[in-house]
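Notebook open, model on screen.

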Amino acid sequence: MLGMDETKVQGRIKNRQLLNKIFRTLFFFSTLIGLIVLVMLLARVLTQGLGWFDWEFITTMPAPFADKTGILAGLGGTIALMIVVAPVSIIVGVSTALYLEMYARQNKLTRFIQVNISNLAGVPSIVYGLLGLTFFVYMLQMGYTLIAGGLTLSLLILPVIIVASQEAIRAVPNDLLEASYGMGATKLQTIVRVILPAAIPGMITGSILALSRAIGETAPLIVVGAATTIYSVPDGLLSKYSAMPIQIYYWVSKPQAEWQFVAAAGIMVLLIVLLLMNATAVFIRNKFQKRL
Amino acid sequence: MMGNIKEDKQKIDVQQMINEKKSTQNNLKIIEKIVPVFLFLCAALSILTTVGILFTLLRESITFFGEQGFFSFITGTKWNPWAGDFGVLPLITGTLQITVISILVALPIGLASAIFLSEYASDKVRRTIKPTLEVLAGVPTVVYGYFAVSFVTPILRSIFPEIGIFNALSAGLVVGIMIVPMIASLSEDAMNSVPTSLREGALALGSTRLEVALKVVVPAAFSGIVAATVLAISRAIGETMIVTIAAGASPNLTFDPLVSIQTLTAFIVQGIKGDTTFGSMIYYSVYAVGMTLFVFTLAMNLLSQYIARKFREEY
Amino acid sequence: MANNTQAQTSNQQQKSTVFDVTDLNLWYGEDQALYDINMNIKQNEVTAIIGPSGCGKSTYLKTLNRMVETVPIVRISGSIKYKDSEIFDDKYKKEDLRTKVGMVFQKPNPFPKSVYDNVAYGPRIHGIRDKKTLDQIVEKSLRDAAIWDEVKDRLNENAYGLSGGQQQRLCIARCLAIEPDVILMDEPTSALDPISTLKVEELVQELKKKYSIIIVTHNMQQAARISDKTAFFLNGEMVEFTETDTLFSTPSDKRTEDYITGRFG
């Protein structure tokens, strides 16, 4: 055919198919690298941490000796932080999403707010720390308190909650809104009775994922003055506080080898909390997804 | 025909009831007016956040530049704030090193994963692997920092005996792993949006899957892949805990990945963490470094958005 | 109410006007969708609007309860009077208009709530909260929509469990619950099977005694079967509006004739 040697063409096809197989394998193993590293990471944490991880570790305040220390101050601080972060960030985030999706006109201001939100999502977390330090800690004179840390983290995860809530609102079918407006319902009534009930599962899922990001944040909390050595759980908005990642960072930075094991045990507690939160998010999503 | 006797006895006029209720609905009208104002204020908070970031960074760094000079800051080759040396270049090269190493790790792995997921994997495999890969993005960075010093660095030491306890290589590798899901996920999205008809056209001409992937899909999704990479670069520049824990705190003007360095972010942690007093020169220098960091990441984010927008117009 | 009984007793009597439309023009951005519509719609009649798709009939229907304005780029000129009130007047609230002018949509669109809560939605948003009154309204509306017997034992079940035809009659019941004067129906049977369609058509005949109905349909037989008057729309213009019998037997416009004899559309 066309003067080409039939066997040569066949040979080239074979080569091309072989190349395809080789690269297919290569791509597959590259994909596995990420998963393998994840497994190695978890294995490392477990092998180092299991020996130190027990109920006593969870219920003990920090101590200067590796075998006597615990993560209670960090765990309590993290929970206290979430008590501040969750309401602030969810109320402001959902409200912003409602404004943008339901009330805002399509004008330059709206587009600016939208672009601004996606840019905020890309600002490094430590820069939020600097904002919190100047604004909350110094200018509003909150000092190194729980409320300053909580508000800083709230600003940090706000873009994530806004975007997730916007998607949840947009997913509500338009004909439900028409049905409501068609009965003479006002915009607010439609939001409260139709949009929110349908969008809340999506909003909760997005919020939990955002909160789990806040739980893992370390850098901004260092900047706004979360304490590394503290022997109490916060009892008010103006308390000093620590957080699990801060404790872990403190332990990891210690030169003595035994503190690595303590850090690993701390990481186990942190990862368990994150796992529970993510499982809740997935559960809520699966439970309510079928309804609409 | 449809009504029954019981009903006829107690007839109700709904429209009349609605009219009677109107006065009580008046409270609702006030709420109806207040709510959008409240919602707008919440939306305005996101703008205030940006203004706040710019204001704090600018105010403190302007004080700093007033004392130390802007030019000597950006061209100085020695960073030792406690001795009064404020040349930011070592921090920038440190950041650059981490970024380059991490992209060298993440780009091939991320791109290969994206090609596998989008061009080779079955739907079922994709739906298992993709979320698992995204778990990597959810691991707190302090955990990665621990992984770098307690696992990666010891392995590197057995390969390069001269490597420092803190070094750029270990931190860079782990930052790379952290940003793999970002590149993989966003690139896969870009590849998925390449029309199937293009693929079918090439397959019908007798191309193998590999040829379709490399000669059709990747070129068509190229700007999406670039946008993803640029966004990943921005993440690597801004990453703090991994480099603080694993790369050390020695601002060296070097490109040797085996020695300890310091990045922009790591200095901010170091500068703020100590007994830095409000209003000291170190305090201000932290903000000057923060400003530098912010400018770099913002430029990367805007570049990524610009590329992604151009990409969308093509289809 | 008094009007209703009078109208029922003597069909001969002059019926009062519900909608008086004068020189209505409507644009989506730069594109004009409606041209100089003039129309006078009477009480207790079924008015059908027919025409090929894209002729503006749905847009026109949605203008009557101002639902069309949910699209932000819409511009309107002209006047629509609902019982002597100008509906585009600033003082006239859209919500009040829609309380009197109900709507049934093309696709059944019940809320993802129980059957009961769907029907009670309207009364509740207008401030009626008394449980006994709501029970009465729900039962009456479901009876009037000829679906009571099918759902009376599953009032607390999710409305999504009903069949498509049942969902559409539930939507009609939901609309009846606030006892509007006018019901706008936007191709209410286009998503239904023939049996459900028949049920809805019978229902329309029944509802006519108490309500004025304006129904958009692309099904000419349906218009001929159920309506008293029919309007023919083409390319955003109202070509002809007259008694249904007249329009289908002796249309005065060539374009109407072409359409009803199936020459286009």
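I started with the contact between H1(A) and H10(B): A:Arg16, A:Leu19, A:Asn20, A:Phe23 and A:Phe27 meet B:Arg209, B:Leu210 and B:Glu211 (contact means heavy atoms within 4.5 Å). Those residues split into four nonpolar, one polar and three charged (Ala, Val, Leu, Ile, Met, Phe, Trp, Tyr, Cys and Pro count as nonpolar, Asp, Glu, Lys and Arg as charged, and the others, Gly among them, as polar).

Bookkeeping: this is a predicted model, where local features need pLDDT of at least 70 and side-chain atom pairs pLDDT 80 or more, while totals for chains, interfaces and linings use all residues. Residues are numbered from 1 along each chain as written, chains are lettered from A and ligands numbered from 1 in written order, and side-chain values use heavy atoms, without hydrogens and water.

Next, the geometry. The axes of H1 (residues 6–49) of chain A and H10 (residues 209–220) of chain B come within 8 Å and cross at roughly 70 degrees (axes are lines fitted to C-alpha atoms over the stretch in contact, angles run from 0 to 180 degrees between N-to-C directions; helices are DSSP runs of H or I, at least four residues, numbered from the N terminus). So H1(A) is roughly perpendicular to H10(B) (65 to 115 degrees).

C:Cys171 has its nearest cysteine sulfur, that of C:Cys175, 9.3 Å away. C:Cys171 is buried at 4% relative accessible area (buried means under 20%, 1.4 Å probe, protein chains only).

Last, chain A has domain 1 (6–49) and domain 2 (57–289), with bounds from an automatic or database assignment. Their C-alpha centres are 37 Å apart.

Terms used
Helix = DSSP H or I, 4+ residues; strand = E, 2+ residues; numbered from the N terminus. Parallel < 35°, antiparallel > 145°, perpendicular 65-115°, else oblique. Disulfide = S-S within 2.5 Å. Buried < 20%, exposed > 50% of the residue type's maximum accessible area, 1.4 Å probe, protein only.
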